[in-house]
Amino acid sequence: MDAPGIYGFGHTPRPEPDPKQMPSRRLLGGALLTLLVGLLVWSLFRDGYFDFWIWPVIWFTPDHWRSGAGTDTNAFNAATRLWAAVCTFLLAWICARIGNWRQVWQRFAVPTLRRLVTEDVETSAPVQGAPDLVEWPELRAANQHGLADRLAGEVRVGRMNDVDYVRINRAWAVARAGAGGVAAFGDAVLGEGAAAFTHPSGERDLPRRAAAHDLLARQVRIGRGVDAERNPYQHRGSGIAFDPALLGTGLLVVGPSGAGKTRTVVRPVAESLCLQALTGQAAVVVVGTAGAELGSADAYDVVIGLADPSSRYDLDLYGSDDPDVAAGTLAEALVDGPGARQQDVRRAATALSQILGPFHAAFGRFPSVPELRELLDGTPHAFAALRQALDAAGAPGLVRELDARERQTAQRGDIAPQLADRIALLDRPAFAGFFDVTGRSRPFTMRALEHPVRVRVDLPAHGHAEAARVLVRLVLAQFTAAMSARRDRSLFACLVLDDAAHAVGAGSVRGFARLRSANAGVVLALRTLDEVPDDLRTALVAAMGCRMVMSGVTTWDGKHFAEAWGTAWVQTRDVTRTPDQSGGFTRRLSRGVRKVFTGEAVTTESVTVREVERERWSASDLANGVPAGHAVVSFTTTAGESAPPVLVDLRG
């Protein structure tokens with residue numbers, strides 16, 4: 001790949017620019033001018049305005065060819081026509097040399113003809129010298145010709161798609177690494193063909209695709225780099241795409257409502273991750289409001305419709321069996337919002353652990369939402385019942401923890417009442433059937449992301465805005481905690497938040513830094529950075545390796561991105577105009593007459609060329625210079641490779 005973010009399928013690297021190459025406008029203008037001059041001269045000669053061109057014919061032919069008749073006249077006419085053709089060719093050669101017609105042909109005509117003639121062939125035929133992937137060269141290299149023929153036949157008859165190819169190819173890599181895996185791989189391929197090693201859901205593709213995907217490179221195309229001087233050279237005119245190597249550093253998308261964040265960025269990325277989950281390479285959790293354009297429900301294995309009574313799945317409120325871990329994630333969800341301080345989060349985690357630890361020891365489970373609310377409110381009978389259960393379980397140490405929590409509840413300034421008010425947002429009739437802790441159901445937990453699962457969480461669209469924000473923060477906190485703790489990191493796991501408003505806090509920003517090493521990433525979409533606490537905006541932009549600014553942002557938002565993208569050395573031309581005072585009386589008289597008729601004084605120009613350091617994209621450029629349907633995006637890979645900001649046409 002030439003540079004990060006370039007869509008690899010069908011991409012042809014651009015040749016390195018020639019610093020001595022003539023600009024296109026000057027080249028075409030010169031060619032056109034010489035063509036017009038040549039046609040004019042040729043027309044004058046043809047119409048007889050100049051007769052000296054025929055003198056060589058007169059000098060080198062006999063006189064009787066001109067004065068005679070019949071055959072002699074025909075010979076002179078033939079010689080004249082031949083000499084006229086030679087002169088015409090000579091005139092065309094001179095014009096072509098002066099006008100650089102050959103360079104025009106090579107730079108403009110030849111590439112256009114090649115695209116018109118060979119476009120279909122290039123997209124369907126394999127690259128010359130490269131192995132034909134349809135023939136499964138890796139299997140043939142391992143002397144598995146029978147398996148290769150079986151799979152190649154599935155491709156030719158149309159029973160294998162790109163998801164099947166990548167999934168089976170990955171299964172072969174796993175089989176070669178394990179003992180006895182090759183034999184099991186062969187049995188599965190011979191028996192099931194393209195349907196071998198299917199995803200546990202049984203699906204082999206998505207119901208619909210909204211973007212172009214290259215599953216071999218794990219890329220999804222989101223647009224085309226604008227062919228402009230401001231863009232990096234290799235990105236001009238190239239397809240722009242995201243892949244796990246980029247998403248692993250985090251993607252932040254900022255743009256106002258209606259800018260197309262969901263349709264042009266969030267949904268294609270979520271769709272790509274769902275396809276990769278079907279190939280056994282990724283796991284994804286997509287969070288958005290109910291009804292958001294994030295793909296159909298059939299594209300996901302688990303759809304959790306919070307506040308929807310018809311939802312078949314539930315969400316684990318605690319996300320862990322460890323009381324301390326559960327208290328930490330729940331504290332970030334309840335406290336880690338706008339205006340929250342880190343010491344408040346620690347106090348909340350301590351208060352929650354003093355409840356969750358004793359409760360889990362007494363009952364073997366965590367409290368339900370109403371039970372947790374009662375304990376945080378300091379209800380006496382709730383503490384008495386829990387203390388009695390602890391005495392029966394023989395846990396005196398945890399009784400002391402509970403007594404300490406009860407004493408703090410009576411003190412002024414205790415954080416528990418605030419937590420009770422926040423948890424009360426989830427203690428509503430709309431959420432009555434959710435967050436089950438009794439074992440009647442198996443709520444989804446982030447620990448399941450060790451498997452290639454596709455999860456969608458639908459938040460309530462209306463009437464529960466504060467509860468939705470708590471749930472988004474809860475999912476985000478559980479995701480960062482689970483990814484840091486998971487043992488099997490072979491799958492790329494990604495959390496996609498279609499609306500991350502008021503979801504980012506100090507704890508989550510610190511968690512983003514740990515995702516890169518855990519083979520995980522996060523995608524955050526915001527309408528404006530004002531939805532993030534003021535003291536965290538710079539830290540959030542810095543924590544994200546990939547940053548994307550849609551058209552229509554404000555200069556206040558653009559300022560943070562302009563600072564993150566830094567400066568670059570650019571060449572500037574300063575033109576100075578001064579009145580022309582040179583020459584004698586005649587020149588001064590002519591300048592005076594020109595000033596009378598034009599109203600402008602005659603001036604001389606002096607040009608100064610220098611290199612200055614300027615912002616790659618200033619806040620004003622981002623606010624006013626990004627056309628509708630476009631975005632400016634920068635890329636950083638997990639390996640540390642980066643690319644400057646690119647202006648992308650999301651409709652291209």
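## Salt bridges in a predicted model

Arg 610 is partly exposed, its relative accessible area being 47%, and the exercises below start from this residue in what is a predicted model.

**Exercise 1.** Find the partner of Arg 610 in a salt bridge, and state where in the chain the two residues lie.

*Solution.* The side chain of Arg 610 meets that of Asp 574 in a salt bridge, with 3.1 Å from N to O. The pair links distant parts of the chain, since Arg 610 belongs to strand β12 (residues 603–615) and Asp 574 to strand β11 (residues 567–579), 36 residues apart. As for accessibility, Asp 574 is partly exposed at 29%.

**Exercise 2.** Decide whether Arg 537 and Asp 534, which meet in a salt bridge, are each buried or exposed.

*Solution.* The salt bridge between these two side chains has an N to O distance of 3.3 Å. Arg 537 has a relative accessibility of 15%, and because buried means under 20%, Arg 537 counts as buried. Asp 534 has a relative accessible area of 57%, and because exposed means over 50%, Asp 534 is exposed.

**Exercise 3.** Identify the partner of Arg 140 at 2.7 Å, and then name the network that contains the pair.

*Solution.* Arg 140 forms a salt bridge with Asp 149, where the closest N and O atoms are 2.7 Å apart. Arg 140 is partly exposed at 22% relative accessibility, and Asp 149 is partly exposed at 44%. Both belong to a network of salt bridges that links Glu 135, Arg 140, Asp 149 and Arg 156.

**Exercise 4.** How many salt bridges does the count give?

*Solution.* The count comes to 29 salt bridges.

Conventions: Residues numbered from 1 in each chain as written. Predicted model: local features only at pLDDT ≥ 70, side-chain atom pairs only at ≥ 80, totals over all residues. Heavy atoms only, no water. Salt bridge = Lys/Arg side-chain N within 4 Å of Asp/Glu carboxyl O. Buried < 20%, exposed > 50% of the residue type's maximum accessible area, 1.4 Å probe, protein only. Helix = DSSP H or I, 4+ residues; strand = E, 2+ residues; numbered from the N terminus.
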